[in-house]
Structures are given as structure tokens and as C-alpha cells.
Amino acid sequence: MDNFFLEVDHIFVCTTKEADSISVLQKVGLHCSNQQVQHVEHGTASKIIFFENTYLELIWIEDKDLIEQQSAQTGIQTLTRLHKQHTGASPFGVGLRRKSEQSKVVSDSSLSWAETMRCLRRATPTRKSISFAAENFVNQQEPFCFMVPDSIALTAWLDPSSTTHQHLISHPLGVRKLTSVKITIDSDKDLTDAMSLVCTNSAVTIERGESPLLELTFDEGVKEKKLDVRPFLPILLKY
């Protein structure tokens, strides 16, 4: 615990395909990728918002039948989280990566946009590519946590010195780096040991509340400003 080697790679939020869920983030000053990431084999699609050290992914249903097939094969109950308002499941997921000093970071990256999209498709949670804890895997009331292999972690391909990548992480709002993640869950069920370990080591903070909420603090919150994008998305931005 004194040498916790994991940090947040990216966060996903289960939402709907309605344009408002995405456009509201653009209206408040975040640059959202125009291209959708199609997770064809999983029956979902998503859009991405990149930052210097992480990215936020909005995921929605494209093919309900495919999602049900994948759930039967992998045990990952994606549909339960996508239907959060009816199931009480947490709509959030947290991808964890090894800290950069403990993994080889690729520098001077020249990945094209198409190659970047392939990286993101491979980063989609699947039973084959992730490993965390069985207890968290089945606890729908807490955020779904998964480990991202070094080869597809954000730090393996995002190069802030690349002109193309600079465009991805430049936001009219002026935010650059995610420095804190707090997730509210509307459940009194005890956290799993694995989730508690993540919280103890400050990767993520979990609080109890009346409804799910993702609070993202950027750049240590130096400007002391807040943007609440509810009811479109259960997200509060601090910067």
C-alpha cells in the first residue's frame, strides 16, 4: 500500500445516444472527438474527450442483442450499467494503468487518428484483456474497475509534443490535467476490498449520496470554478 503502482488511465460513463449528452460537454468548453469509436463486437459505441493524462469516454447502446451475447460470454453486465436508472447500477467505470515509471512509455508517437481509434477499441473492457477482482466484477453498485495493459494505456501512445495529439487535448475551457476523481454511489452496500484499496491509495474517492455522480477536478482546481452538467450527464467539473 505504501508503493501503490496503479493510476487512472481513463473513465467511462454509460449514457444514451442522444446528442445532448455529448454536445453539452462541448458547449461548456471541452473538445470532443468528432469520430465515434465503434465497438462492433460488443454492441456499443462511444465518443472520447482527451486530456493530458487521461480520457473520458461516453458509452451507449448500439446493438442490444450483441451486448446480451457478450454479457453471456464474458459475465460483464454492460446492459445493467447502461440501464442504470432502472437497475440501480453505477454507470461509471475506471480503467487503471501501471504508473508510467513502472511501464515503458512510448515517446515521439506518430500514431495516425485511425491507429488511435484502434487503440481505443482495444481498450474497451473485455474479459480477455483485463484483470481486476472477481468481487468488483459482480458488484454492480460500485464503479467497474479494470486494468489496462501497458501496450494500450494512454501513456503508451499519447504524445503531447505531437501536433495531432495537441489538438486532441486542447480545450476552450483551458483544462489540461485530471488531478482528482470522486465518484458518488447511491448504495449503502460495503465496498469490495479491491475498490477500498483503490480508494485508500487515492486513485479514486468514493462517497455515498442520493444519486450517482462523477466529480472530476482538473489542474488542482486552481481557478476554483465548477461546471455542473446534470441532468444531461451525471458529471461535475471542477477546475
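**Entry 1: ground rules**

I am working with a predicted model, in which local features need pLDDT of at least 70, side-chain atom pairs count only at pLDDT 80 or more, and totals for chains, interfaces and linings use all residues. Residues are numbered from 1 along each chain as its sequence is written, and side-chain values use heavy atoms, with hydrogens and water left out.

**Entry 2: cysteines**

I looked for disulfides, meaning pairs of cysteine sulfur atoms within 2.5 Å. The count is zero. I then checked burial, where buried means under 20% relative accessible area, exposed means over 50%, and partly exposed lies in between (1.4 Å probe, protein chains only). C145 counts as buried, at 1% relative accessibility.

**Entry 3: salt bridges**

Side chains of opposite charge can pair when their charged atoms come close. My rule for a salt bridge was a side-chain nitrogen of Lys or Arg within 4 Å of a carboxyl oxygen of Asp or Glu. I searched the whole structure and found eight. I followed one network of them, which links K182, E207, E215 and K238.

I name helices and strands by DSSP runs, numbered from the N terminus: helices are H or I with at least four residues, strands are E with at least two.

I started with E207 and K182, whose closest N and O atoms are 3.4 Å apart. E207 sits in strand β8 (residues 205–208) and K182 in strand β7 (residues 178–185), so this bridge ties together parts 25 residues apart in sequence. E207 is partly exposed, at 35% relative accessibility.

Next I took E215 and K182, which meet at 3.7 Å, N to O. E215 belongs to strand β9 (residues 213–218) and K182 to β7, so the pair joins parts that are 33 residues apart in sequence. Are these two buried or exposed? Both E215 and K182 are buried.

E215 also forms a salt bridge with K238, with the closest N and O atoms 3.1 Å apart. This pair links E215 in β9 to K238 in strand β11 (residues 235–238), 23 residues apart. I noted 10% relative accessibility for E215, which counts as buried. K238 is partly exposed, with a relative accessible area of 21%.

**Entry 4: helix α9**

Which residues of helix α9 (residues 193–200) are buried? I found A194, M195 and V198. They cover an arc of only 100° around the axis, so they lie on the same side of α9. I took that arc from the directions between the helix axis and the C-beta atoms. The face turned away from the buried side carries the exposed residues D193 and T200.

I also asked what covers the buried residues, and the cover includes β5 (92–98), α6 (134–138), β6 (144–147) and β8. Just after α9, S202 takes a positive phi of about 65°.

**Entry 5: nonpolar cores**

A nonpolar core here is a set of buried Ala, Val, Leu, Ile, Met, Phe, Trp, Tyr and Cys residues joined through side-chain atoms within 4.5 Å. The largest has 39 residues, and L25, L56, I183, V204, L214 and L216 have the most contacts inside it. Apart from that core lies another of 13 residues, among them I59, I76, F146 and V148.

I looked at L216 in detail, counting contact as heavy atoms within 4.5 Å. Leaving out residues up to four places away in sequence, L216 touches I11, L56, L178, S180, V181, L236, L237 and K238.
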